[in-house]
Amino acid sequence: MKTTILLIEDNELIRENTAELLELAGYTVLTAENGKIGVEQALATRPDLVVCDIMMPVLDGYGVLQIFTQNPQLSGVPFIFLTAKTERTDLRRGMELGADDYLTKPFDEAELLSAITGRLNRFRHLKAEYDLQAPNGLSEFLDDARAVGNLQSLSADRKVHSIRKKQDIYLEGDEPTRVYFVKAGRVKTLKATAGGKELITGLYGPGEFFGYLPLLEQTPHSDSAVALDDSELVYIPRDDFSQLLRNPAVGHQFIRLLAGRVTEREEQLLGMAYNSIRRRVADTLLRMHEQAATAPDAAIYLSRDDMAALVGTAPESLIRTLSEFKNDGLIELTPKNIRVLQPDKLRRAHW
């Protein structure tokens, strides 16, 4: 998303030239010819930064800054004064009111762009939430993390790697070198039991990370990862992962993006240890139903063998339990998929 700058300047020529410069630099620019119109523009679309002249008709720059400071909707927006007045008293008054910078006319292009970049980097914060399932969700977070945390060495390579269905991504015992992000498709992680059976330890879809616990523990991978579908993955190198975690400005947010999977995995393992087969199957169906809710048909596409391995039971036990749920009218079964018909009743049925 582009940064929005509000330019308030009564001189038409300066306003148009400055707006053109900022647009060429990649900013979205809103313009106003006086302070009153500028405030109205800001209330309609909150800018990321304001460049404002001081001497203007209707409402001058000092008045605009006072409104920004006192209005909860506008407070905190970085504010740069742009004026021909150079007297020390004018500069002090602007700074006392809360201006973040002060440029005098005439100014050169580099001076203006440098001031804007400095103010934006200083006041920029990570968003409260990032939609990692959105097409550019991961890139948006990483771009913000680079700016907020001053992580200039963070890799700019966001190459998407295509992985074929059933292709191995890493194997148990491999040395971890990166974190994986699912952009499209699905990936399962699995372990082989002493008896040679497959136990699925995790199922990951678009917007989710996997393969990071060995990096935290500094141990080899304790399971393997295989593509369930034709998938697209983004790799985050070990060094970038460490930088994101250790940086005080972005680490907490990055941990939040990862933590949901840790909690889910713990709950899954506890459920496999203590819950009945009926409850484990229902929990798995409900979890996968939520993940499939955004799909056009909202159906669960997973082989019976894979679902049995995910539940931690034999395929025969899984099929028997699914048949019971079908007979109760809770799910619909076809050879290719499963559709949950009554999630609320299914949630109550397995207790």
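Two strands count as paired if DSSP finds at least two bridges between them, and the strands themselves (E, at least two residues), like the helices (H or I, at least four), are DSSP runs numbered from the N terminus. The model looked at here is predicted, so local features need a pLDDT of at least 70 and side-chain atom pairs count only at 80 or more, while totals for chains, interfaces and linings use all residues. Residues are numbered from 1 along each chain as its sequence is written, and side-chain values use heavy atoms, with hydrogens and water left out.

On to the sheet. Strands of a sheet pair through backbone hydrogen bonds, either parallel or antiparallel. Here, five strands make an open sheet in the order S2-S1-S3-S4-S5, and the pairing is parallel. Strand S2 (28-32) and strand S5 (101-104) sit at the edges, each pairing on one side only. From one strand to the next, the twist averages 20°. Strand S3 (residues 49-53) and strand S4 (residues 79-83) run parallel and are joined by four bridges. Within S3, Cys-52 has Phe-81 of S4 as its bridge partner.

The angles below run from 0 to 180 degrees between N-to-C directions, using axes fitted to C-alpha atoms (for helices, over the stretch in contact). Helix H2 (residues 35-44) lies across strand S1 (4-8) and S2, at about 165° to S1. Helix H3 (residues 61-70) lies across S1, S3 and S4, and runs at about 175° to S4.

Now for the rings. Those of Phe, Tyr and Trp (its six-membered ring) pair if their centres lie within 6.5 Å; planes under 30 degrees apart are stacked, over 60 edge-to-face, and the rest tilted. The whole structure holds 14 aromatic pairs. One of them is the tilted pair of Tyr-170 and Tyr-180, with 5.6 Å from centre to centre and 35° between the planes. Tyr-170 belongs to strand S7 (residues 168-170) and Tyr-180 to strand S8 (residues 178-184), so this pair ties together parts 10 residues apart in sequence. Tyr-180 is buried, at 4% relative accessibility (buried is under 20% relative accessible area, exposed over 50%, partly exposed in between, with a 1.4 Å probe and protein chains only).

Tyr-180 also pairs with Tyr-235: their centres are 5.3 Å apart and their planes at 85°, so this pair is edge-to-face. It links distant parts of the chain, since Tyr-235 lies in strand S13 (residues 231-237), 55 residues from Tyr-180.

Terms used
Contact = heavy atoms within 4.5 Å.
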